[in-house]
Amino acid sequence: MANTILVGAQWGDEGKGKIIDVLTEEADMVVRTQGGNNAGHTVFLGKDKFVLHLVPSGILRRGKRCIIGNGVVVDPVSLKAEIEGLRQHGVKVDGNLFLSETAHVVFPYHRELDAQRETLKGEQKIGTTKRGIGPAYGDKAARTGLRVIDLVNPPRFETLLRRKIQENNEILKAFGARPLSFRKVLADYRAAGDFLKPFVTNTVRLLHEAILGGANLLFEGAQGTFLDIDHGTYPYVTSSNTTSGGACTGSGVPPNRMDRVVGVMKAYTTRVGEGPLPTENAEIADMLHALGREFGATTGRPRRCGWFDAVATQEAAMVNGIDDLAITNIDGLDTLDVIKVCVGYRLGRERVDCVPNDIEQLTKCEPVYVEFPGWKTPTTQARRWQSLPVKCRSYLKAITELTGAKLLIASVGPDRRQTIFV
Ligand code: GDP
Ligand code: IMO
Ligand code: MG
């Protein structure tokens, strides 16, 4: 399999967790490289549902090593709870999970500032997950953050945390928010630090040793291309590089060690949080929500839904260098008479064939659609390409060609077995 970077090609929640779980069979190591517990990656093992936030989804397969890389921002209290939850469900998390000592730490003041800034923005809010991600990456870029290496050094941590709490309490007071108790934060974080210490290591060296030993690495992207801090619909984005380059900087594995990029996309489009979504459509949203689908894995918020946007996925293929595509949630379209695909935008009198960087322009873009006949047959039992309805295959071929990559996987349900290698 060699070294594979897997990214979301839309606005997140493309089904990366499921596809990671499938591809992990062939991998030796699974690596998270960016984002934090804003991510929610769902994997079904039979009837058991797991939602992974910080721990790579590869943890659910025995004998695989999982890495939380330097580019991730880690809420240690949340990570401790996630590991405990996995263990309670009989998942081995011991000797198979490694946490980078240079990953940055998310603190309660990051979460509180995230919430306060959202409130202040009012109608212009981003609709964040309120996990403190933006403020944590902000501290990292401002060189005022604390790292895992500080967390697991108790005397140093106490000194650094005292200063940080003092400073951030002044800011919180200015917002009219309640200041934090240094003692409480120290106690909670020291307990989490002690718990996490056995996992902490130099993951850059670990990864390079594994590469020298011939290991196959799978890089698990979080969020999606249009939530990327550089390439997304700024400012309605997250605070990390969700595109394929983030896998290199977030792990210390250089570009010339990467062999392929897999892009995951839904057969339609979803987005959770605010910001432009050109193909948004109430009918398809109502249909999917009525089936109990498309509620956020992290926050439970209903996801906004729309038709497949090929302008966006074509851009995603370009920016990420996507070689292979995994298309998920095909079964979500099983009941439709007509399926629309956006192949361009109209901006006033102009036709636009790429995603405008100007958010005001993007907001005004009207999708230009082509229509496909629906297959109106359940696809969830299909296990081979040839078993999919002809109209379904034509639709998948069309959106693959419009995106400009090769179709590798067609997914017709959340279970591992509902996966067709094309
Ligand atoms: P991620 O963040 O990209 O890992 O995606 P999420 O887990 O947040 O959301 C994807 C949702 O789609 C989850 O509920 C998955 O179980 C589900 N899912 C993934 N692939 C398929 C599929 O092919 N069909 C159906 N019905 N559900 C799927
Ligand atoms: P996975 O990995 C979908 C969205 C939030 C908000 C914006 C900024 O499960 O695909 P943040 O909390 O990161 O500052 O929020 O990004 N967002 C996601 N949307 N899937 C995710 O992760 C997301 N992580 C963040 O809803 O619009
Ligand atoms: Mg998700």
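Author: One term comes first. A residue counts as buried when its relative accessible area is under 20%, as exposed when that area is over 50%, and as partly exposed in between. Keep in mind that the model is predicted.

Asparagine 168 shows how the term works. This residue sits in helix α6, which spans residues 154-174. Its relative accessibility is 4%, which is under the 20% cut-off, so asparagine 168 is buried.

Start with the metal. Ligand 3 is a magnesium ion. Two residues coordinate this ion: Asp13 through OD and Gly40 through O. The distances run from 2.0 to 2.2 Å. Aspartate 13 belongs to the loop between β1 (4-8) and α1 (16-24), while glycine 40 belongs to the loop between β2 (29-32) and β3 (41-45), so the pair ties together parts 27 residues apart in sequence.

How exposed or buried are these two residues? Aspartate 13 has a relative accessible area of 21%, so it is partly exposed. Glycine 40 has a relative accessibility of 11% and counts as buried.

Most residues other than glycine have a negative phi. Aspartate 13 also contacts a ligand: a polar side-chain atom of this residue lies 2.9 Å from an oxygen atom of ligand 1.

That brings us to ligand 1. What covers it, and by how much? The protein covers 91% of the 590 Å² of accessible area that ligand 1 has on its own. The space this ligand takes is the second largest pocket. Two elements, α1 and β3, each give two or more residues to the shell around ligand 1. The shell holds 20 residues. The closest are Lys16, Gly17, Thr42, Asp331 and Ser411. A backbone N or O atom of glycine 17 lies 2.8 Å from an oxygen atom of ligand 1. Aspartate 331 uses its side chain: a polar atom there lies 2.7 Å from a nitrogen atom of ligand 1.

Ligand 2 comes next. Here too 20 residues make up the surroundings. Lys16, His41, Thr129, Gln223 and Thr238 are the closest. So which side chains make polar contacts with an oxygen atom of ligand 2? Lysine 16 is one of them, with an N or O atom of its side chain at 2.6 Å. Histidine 41 is another, with a polar side-chain atom at 2.7 Å. Arginine 301 also takes part, with a side-chain N or O atom 3.0 Å away. Taken alone, ligand 2 exposes 550 Å², and the protein buries 98% of that.

Note Lys16. This residue is among the closest to ligand 1 and also among the closest to ligand 2. Lys16 is part of helix α1, where it is buried. How much of the helix is buried? The count is 9 of 9 residues, so α1 is largely enclosed by the rest of the structure.

Glutamate 294 is a residue other than glycine with a positive phi, near 65°. This residue is found in the loop between α10 (282-290) and β13 (304-306). Glutamate 294 has 6% relative accessibility, so it counts as buried.

Most peptide bonds are trans. The bond from tyrosine 234 to proline 235 is cis, with omega near 5°. Proline 235 lies in the loop between β10 (217-220) and α9 (245-249).

Last, asparagine 329. Its loop runs between β15 (324-328) and β16 (338-347). Its relative accessible area is 19%, which is under 20%, so asparagine 329 is buried.

Terms used. Residues numbered from 1 in each chain as written. Chains lettered and ligands numbered in written order. Predicted model: local features only at pLDDT ≥ 70, side-chain atom pairs only at ≥ 80, totals over all residues. Heavy atoms only, no water. Donors = N, O, S within 2.8 Å, 3.2 Å for Na, K, Ca; no water. Helix = DSSP H or I, 4+ residues; strand = E, 2+ residues; numbered from the N terminus. Buried < 20%, exposed > 50% of the residue type's maximum accessible area, 1.4 Å probe, protein only. Near = heavy atom within 4 Å. Polar contact = N/O pair within 3.5 Å; in protein donor to acceptor, adjacent residues only side chain to side chain. Areas by Shrake-Rupley, 256 points an atom, 1.4 Å probe, with all protein chains shown as cover. 1 Å grid on protein atoms, 1.4 Å probe; cavity = no way out; pocket = protein on both sides within 12 Å on 5 of 7 lines; lining within 4 Å. Sits in = over half its atoms within 2 Å of the grid points.
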